[in-house]
Amino acid sequence: MNVIILTRVSKESQSYERQIRDLRSFAEKSDYTIVAEFNEKISGAAKNEDRKALTELSIFIELNKVDKILVWELSRLGRNTLEVLKSLEFFHTKGISLFVLNYNIETLN
């Protein structure tokens, strides 16, 4: 199964290394193939079109086979409900599931 890791922190002074480590570990235990990682430092309230990593992730999805996106917690996808829902709709139209590690939930099974 091909997966993408997506991490986000709000401030330049913060690190997303813990998110990356935990998500890589989960992927390894689940026997997933990590095909890309997208990491960004930007407010979760930013609009999707203003998020460089999310834009790059969307382009990657258009060009590659991806089954699942892994995030550490839902707020890493965003804090603006409408923008999060837009992302979920885009993923789902492509048949891509979102897995949220801290809740152990998945949007498509």
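The report below goes from the overall fold to the salt bridges.

The model is predicted, so that local features need pLDDT of at least 70 and side-chain atom pairs count only at pLDDT 80 or more, while totals for chains, interfaces and linings use all residues. Residues are numbered from 1 along each chain as its sequence is written, and side-chain values use heavy atoms, with hydrogens and water left out.

**Fold**

Three helices and five strands make up the secondary structure of the chain, where helices (H or I, at least four residues) and strands (E, at least two) are DSSP runs numbered from the N terminus. Read from the N terminus, the order of these elements is β-α-β-α-β-α-β-β. The radius of gyration, taken over C-alpha atoms, is 13 Å, which agrees with the value near 13 Å for a compact globule of 109 residues; the globule rule is 2.2 Å times the number of residues to the power 0.38. Along the principal axes, the C-alpha trace spans about 30 × 30 × 25 Å. Of the 109 residues, 42% are buried, where buried means under 20% relative accessible area, exposed over 50%, and partly exposed in between (1.4 Å probe, protein chains only).

**Charges and salt bridges**

The chain carries 16 positive and 16 negative side chains, and the centres of the two sets lie 4 Å apart. In this count Lys and Arg are positive and Asp and Glu negative, without His and the chain ends, and each charge is placed at NZ of Lys, CZ of Arg, CG of Asp or CD of Glu.

Side chains of opposite charge can pair when their charged atoms come close. A search of the whole structure gives 10 salt bridges, each being a side-chain nitrogen of Lys or Arg within 4 Å of a carboxyl oxygen of Asp or Glu. The table gives some of these pairs.

| Pair | N to O distance |
|---|---|
| Lys 52 and Glu 56 | 3.9 Å |
| Lys 65 and Asp 67 | 2.4 Å |
| Glu 83 and Lys 86 | 3.1 Å |

Lys 52 and Glu 56 both belong to helix α2 (residues 52-63), where they are four residues apart, about one turn of the helix; Lys 52 is exposed at 61% relative accessible area, whereas Glu 56 is partly exposed at 35%. Helix α3 (residues 81-93) holds both Glu 83 and Lys 86, three residues apart and again about one turn of the helix. In that pair Glu 83 is buried, with 3% relative accessibility, while Lys 86 is partly exposed at 39%. Lys 65, the partner of Asp 67, is exposed at 55%.
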